[in-house]
Amino acid sequence: MSVVDDMAFWIFALTAIVSGWRVFCTDSMVRASFLLLASFIAVGLIMLLLGAPYLGIATIFMMGVEMMVMALFMVMYMMNPAGLNPMVMVHQHRFSIGAGIAAFVGLAAVMLVTDFADNPVASDARVVTDLGKELLGDSMLIFETAGVTLLATMVASVILSSRSGRFGPADEGSVPPPLEPGGQPAGRLPEEGGGHGHHHH
Amino acid sequence: MTPIVLTMTWVAFLLGMAWYIAVLDGLWAAAREGRQPRAPLANPLYRCATILRQQSNLTEAPDLLNWRLAPALYAGLAGTGVALVPFSSASVLADLEVGIVWWGAVEALTVVVVFLHGWSANSQLGLIGAYRYVAIGLPVMLISMFVLIAAALPAESLAVPKIIESQHELWNVIRQPLGLPLFLLLGLSLSFRGPFNYADSADLADGTASEISGAARLVWEFARLAMLVATAAMAATVFLGGYLGPVLPGPLWLLLKTAVVLVLLVALSHLFARISPSRMLTLIWIVLMPLAFIDLVWAGLVAL
């Protein structure tokens, strides 16, 4: 590994960790999503350095789309217009601190205990071809099952969560909340009859 | 080509082609209004000078980091896209084994950058443009990925040079007739022009760009042109055989094909009207997406 590769690794590693940490310090859902994206892009670039071009670039590609969709859906389903209003990004403090420490210790233990393989792949190895053969050969059933399950989960969760809208159940006609407790719904009321031509008396 | 010559060719290609689109746009506008074009070749440069002389604008409480970075990132993404395009069999700036996936990442990150540009200005017209762009930009990106995968099938490789090699006998535009037209829509969408201008349209007073002026606007407008150059060069490479061609040298063929694709893209962006975002979404998901599937199935059957 050359000095340039080493420097690139440390820069990407630092970017991944710092932007990952900032996700929890920012006060906006949109910023949190894209800080996480920055972290994933840095990880994807490290995978490029490790000689896994398909996995590295696919990570960047998929995370770009995913974080974009995530930012949009979070803003859509939460009471924070446009994600620009300040908002605390962490909750369940005690539990999450405990979970964070447990995860860190667990992963660190795995890292220290595992005997990592130390046989560099030859530079002319056809890694992308091999990966394709693996994904669409022996591992196809696992790969496809996971893919279809994820898709079904996404569709189902959107259907389930979009019924209870911000202004009441979507299938009953949503009504904005009143400005004063027990008052009329805010905003313009729908007129009787609804059609055109009734406004000009 | 040596690396230095290659880099200079890349810069010249980006700048020259962006200028070429600006000239075409100017000529088209003059023809439509029935007037004689004034200094059509120098006009884009005058416009650059005019924008640069403007005072730069600042909104109330913007997300300054993202707002300032977005135009530069957008231009950078366009540049990375062009870097994938081989000028001849031995000269490509980014010779990646998975070039098509990298192009997919460029598309995905473009949607992110355009959204951030509109969002970070903290202005409502910009924000509407940003949301509309994501809704339209993501499915159009899916369509383009399907047609690109179809184009990679006969080459049995995700590398752009290999895809060109696979077109020695027959260009992909004939082998997969649906591919190029669907890919051209991506060009309009990535640089939000004409019927796909949902980000910076006139009904939003320039949308995501409604609050920028000065250097930031210059970079933003250049980046839009550069992104169109990148898509056109990619279309010429993946569907029209890239540098392949008789008599003339390879780079010249690429230049000619890109220039022709750009004429087509400029014509499309001026000839077609923009429909409302919801109707466009229906058109994309109900009509264009199945067409992309047909293209993919077609390519698969031919490859079998």
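Q: What makes two residues count as being in contact?
A: Two residues are in contact if their C-beta atoms, placed from the backbone, lie within 7 Å. B:Val229 touches B:Leu14, B:Met17, B:Ala18, B:Ala78 and B:Val82, where residues up to four places away in sequence are not counted. The structure is a predicted model, in which local features need pLDDT of at least 70, side-chain atom pairs count only at pLDDT 80 or more, and totals for chains, interfaces and linings use all residues. Residues are numbered from 1 along each chain as its sequence is written, while chains are lettered from A and ligands numbered from 1 in the order in which they are written.

Q: What makes a set of residues a nonpolar core, and which residues touch the most other members of the largest one?
A: A nonpolar core is a set of buried Ala, Val, Leu, Ile, Met, Phe, Trp, Tyr and Cys residues joined through C-beta atoms within 7 Å. A residue is buried if 20 or more other C-beta atoms lie within 10 Å of its own, exposed if 12 or fewer, and partly exposed in between. The largest nonpolar core has 132 residues, and B:Tyr74, B:Ala78, B:Val112, B:Phe115, B:Ala226, B:Val229 and B:Ala235 touch the most other members. H5(B) gives the most to this core, with 20 residues.

Q: How do you know that chain B touches chain A?
A: By the contact criterion, 19 residues of chain B are in contact with 16 residues of chain A. Helix H4 (99–120) and helix H5 (124–155) of chain B each supply at least two residues of this side of chain B; helices (H or I, at least four residues) and strands (E, at least two) are DSSP runs, numbered from the N terminus. H4(B) gives the most, with 11 residues.

Q: How do the residues of the side of chain B that touches chain A divide into nonpolar, polar and charged?
A: Ala, Val, Leu, Ile, Met, Phe, Trp, Tyr, Cys and Pro count as nonpolar, Asp, Glu, Lys and Arg as charged, and the others, Gly among them, as polar. By that division, this side of chain B has 16 nonpolar, 2 polar and 1 charged.
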